[in-house]
Amino acid sequence: MTNIVSYEERIKSFNWEIAEQELNYQTGQVINIGWYCSDRICHLGKADKPGLIWEGSSGIEKRYTYNDIRLKSNTIAQFLQDLGIRPEERVCLFMDKIPELYIGFLGILKTGAIAQPLFSAFGDESLFIRLDNARTTAIITQKKHAPKVRKILGKMPYLKHLILVDAEPGKPLGEREVALNMDEAENVEHFQCFPTKAESPSVLHYTSGTTGQPKGVKHVHYSLISQYLTSKWVLDLREEDIYWCTADPGWVTGTSYGIIGAFSNGVTQCVLDAGFSAESWYRFIEKHRISMWYSAPTAIRSLMKAGEEVIRKYDLSSLRHLASVGEPLNSEAVIWSERVFGRPFLDTYWQTETGSIMISNYPGMKIKPGSMGKPFPGITATVIHPETYQPYDEPGRIGLIALKPGWPSMMRAYWNNEETYRKKFRNGWYLPGDRSSIDSEGYFWFVGRDDDVINTGGHLVSPFEVESALLEHPAVAESAVVSKPDFVNMEVVKAFVTLKPGFFPSSDLDLDIMNFVRKKLSPLAMPQEIEFIDNLPKTRSGKIMRRILHAKEWGEEIGDTSTLEND
Amino acid sequence: MDEMKDVIKNYVIKEYVEDDTEITYDTPLISGGIVDSFSMVSLKRFLENKYKIAIPDDKATPEAFDSVDKICQLVGNYLK
C-alpha cells in the first residue's frame, strides 16, 4: 500500500494538521528545520541509521548516520555562532554536492540564520548579484570555488567571512578567510537550536525572471510541513527506502526534497557528486540499491539517448518508485521508463516560489502520460483567463495556472522586492507564470511559460541577464536572447547578436562570446548558439521584439508585426 | 598526437579549471565534474575551430569527452 493510500479519499478529508500531528508540532511552538531533520530523527530511535551516503567522482564514499548528521550540523552551527553569525543573517552555501553542503544547510538553520544556497557553477557576476542583493554575511565554499569569491570580495564589505571547508593545513588563508574541516572538527554534542517559529525565515533561493535581476525567494521554517508531507505522499518515502534525489541543492529541489523532505522523513538518501553519464548513474543505482529515484526530464532524456543496451548491464530491480521535476515530462519519457524500468516516472509540478509540489501524479493513481497530474490535497489549483483572471468553467481551455495562497511552504516575500512580489498575485490567486489546461477528469496539461524565461534542463535562465552580459563583451553592439528547442534540455539559450564596427562574425568570435558569458554567469546561461545578424527586429519605439526571434526558432507563426520597425 | 593532447589539456585548464586542480591526459572531465554538459558545447566548438573539423552532435557524448585522451581519439576520427 502507498503512503497516500487513496488520492480521492485524501482530498475529501485533507488538513495540514495531518503533517503537524505526525511531526508533533503545535501552532505557536518552536519549529526549526535543522532540528527536525537531525535531532528529532535520533529521538525517534534512528540515530544509527544511515542518513547520507555520499559518493564523489573519484569513487570515494562517505557515510553519515543520523547521529553523525546531528553532531556535525551542531558543529557547524557552533562554528558559525562563534564567528558571530546572528539569526536571520544570510549564510551562503557555494559548494559542489559534498556532505558539507547538506549538513551545513542544517547547521545554518540551527543558528536561526538564513541558508542561501547558490549553484556552484555560477560565475563571479551571477554570484555577486545574488550576494549583493541578500547582503550575505558569510559564504561557505571549497577552495576550487574560492577564486570566484575572492575576485568580488572587494565589492562586498558586508561579507565578513569566507569559510573554506577544505583548506590545506598550514597554508596561509587570505583576507576574511577561515577554515572549517567538518569531518575533522571536534563534534559538538549539544547545541541549543535557535527557537525559530513558523514564520521565521529559513531559506533564500534565487530565481530568474524575464526582466530585472534575479529574485530572492524567502521561505520560512513552517515550509517543513509541506515538504515533509509531499515527500511522504508523492515521493512515497518509506522507512526502508534508499532514496536518490539527483538535484543540486543550489536549486530548490535539492533543498526541499534533497535535504528537508528526505531527512525529515528519516530515510537513507544517497548523493552522487559527479558529472552525468548513463553508465555511472545505473552503476550508482545498482550499487546502493536505490528504491526511490527523483530526477529531471533532462536526465531522463539523456538516459533515453544513451540507449537500452547499457541498462541491461546493470541490476536495477531495486527501483520501486520514480518521479520527475523541473520541466514538463513528455509522454515518450513516461512510456519509455515504464518499458525499461518497469515503472513510469511520475511528473511533479512546482517551482522555487511554491517551495513544495503543487500538482502531481500520485502512486496508485491512474497516470495519463504527458499530464502534470492533479493538485496535491490541500492545494486549490485552477486555470484562469489571462486578462480577467477568472477561472475557466469548461475543461480544455488554455489559461494561466493559478494557485490559492495559503499552503505552508508558499514563499513569504521576494527579498527587498515587494513590488515584484505583489505582481505575482491577481484576483486572490498566486500565478506561477505557466500556462496549462485541465481536462474533464481534472488532470492538468502543461502548455508553456507565460513569459520569456528560458527553462533549460529544468533551470530558469533570464534572457535579460544573458543579454546584459553579452553587452559587456567588447564586440557586441546589441543582443536578443531567446530559447530554441533541444531534445535533451527541452530548451537551450540562443543569442542573436549585432557587432560593433570593426568586428566581424567568425567562429573564433562565436566561441569567445560563449566563454565570456559562461564565465560571467554560468554554463546554463551560455548561449549554445550565437547568430550574428545585421539588425535586430525592433518596434518603432526601439524595443527589441524577442517574440519574432522566438517564433522563428520554434517554427511558429510570427503573429502581429504591425509595430515592427521598417515593416 | 602528443602536441594535440597538450593543446587540449591546456585549453581545458585555462577555460574550465578555477583552482590548481591537476589535469592529466586521463583525468575524468565530464564524470569528474570539471566540464559540465552545457560547457561541452563550447569545448566542442573549440575543437572544431582549432582542427577545422565538424563533430556530429550524436558523437559529442559525455563519454567521448570524458578525458583529453578520449577527446584526441574523437578528433582523430575527423581529421583529414
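Analyst: Let's settle one term before we start: two strands pair if DSSP finds at least two bridges between them. Keep in mind, too, that this is a predicted model.

The part to zoom in on is the open sheet of chain A, built from 9 strands in the order β2-β1-β11-β10-β12-β13-β14-β15-β16, with mixed pairing. In general, strands of a sheet pair through backbone hydrogen bonds, and they can do this parallel or antiparallel. The edges are β2 (61-65) and β16 (374-375) of chain A, each of which pairs on one side only. At the β2 end, β1 (residues 50-56) of chain A pairs with β2(A) in the antiparallel sense, over 5 bridges.

A:D236 sits in the loop between α9 (223-233) and β10 (242-245) of chain A. Most residues other than glycine have a negative phi. Is A:D236 buried or exposed? The cut-off for buried is 20 or more other C-beta atoms within 10 Å, and A:D236 counts as buried because it has 20 of them.

A:E88 is another residue to check, with a phi near 75°, again positive in a residue other than glycine. Its place is the loop between α5 (66-83) and β3 (90-94) of chain A. A:E88 has 15 C-beta neighbours inside 10 Å, so it counts as partly exposed.

One more loop is worth a stop, the one between β8 (201-207) and β9 (215-220) of chain A, which holds A:S208. With 23 other C-beta atoms within 10 Å, A:S208 is past the cut-off and therefore buried. Setting aside neighbours within four places in sequence, A:S208 is in contact with A:P214, A:V453, A:L460, A:V461, A:S462 and A:E465. The C-alpha atoms of A:S208 and A:I454 are separated by 9.2 Å, though the two residues are 246 apart along the chain.

Chain A is divided into domain 1 (7-436) and domain 2 (454-554), with C-alpha centres 30 Å apart. Where they meet, 22 residues of domain 1 are in contact with 21 residues of domain 2. On the domain 1 side, the elements giving two or more residues are α7 (124-134) and α12 (297-306) of chain A. α12(A) gives the most, with 5 residues. By class, that side of domain 1 divides into 7 nonpolar, 11 polar and 4 charged residues.

Last, the partner chain: the contact between the chains takes 24 residues from chain A and 20 from chain B. On the chain B side, the largest share is 5 residues, from helix α2 (residues 40-51) of chain B. That side of chain B has 6 nonpolar, 8 polar and 6 charged residues.

Methods. Residues numbered from 1 in each chain as written. Chains lettered and ligands numbered in written order. Predicted model: local features only at pLDDT ≥ 70, side-chain atom pairs only at ≥ 80, totals over all residues. Contact = placed C-beta atoms within 7 Å. Helix = DSSP H or I, 4+ residues; strand = E, 2+ residues; numbered from the N terminus. Nonpolar A, V, L, I, M, F, W, Y, C, P; charged D, E, K, R; others polar. Buried ≥ 20, exposed ≤ 12 C-beta atoms within 10 Å, placed from the backbone. Domains from an automatic or database assignment.
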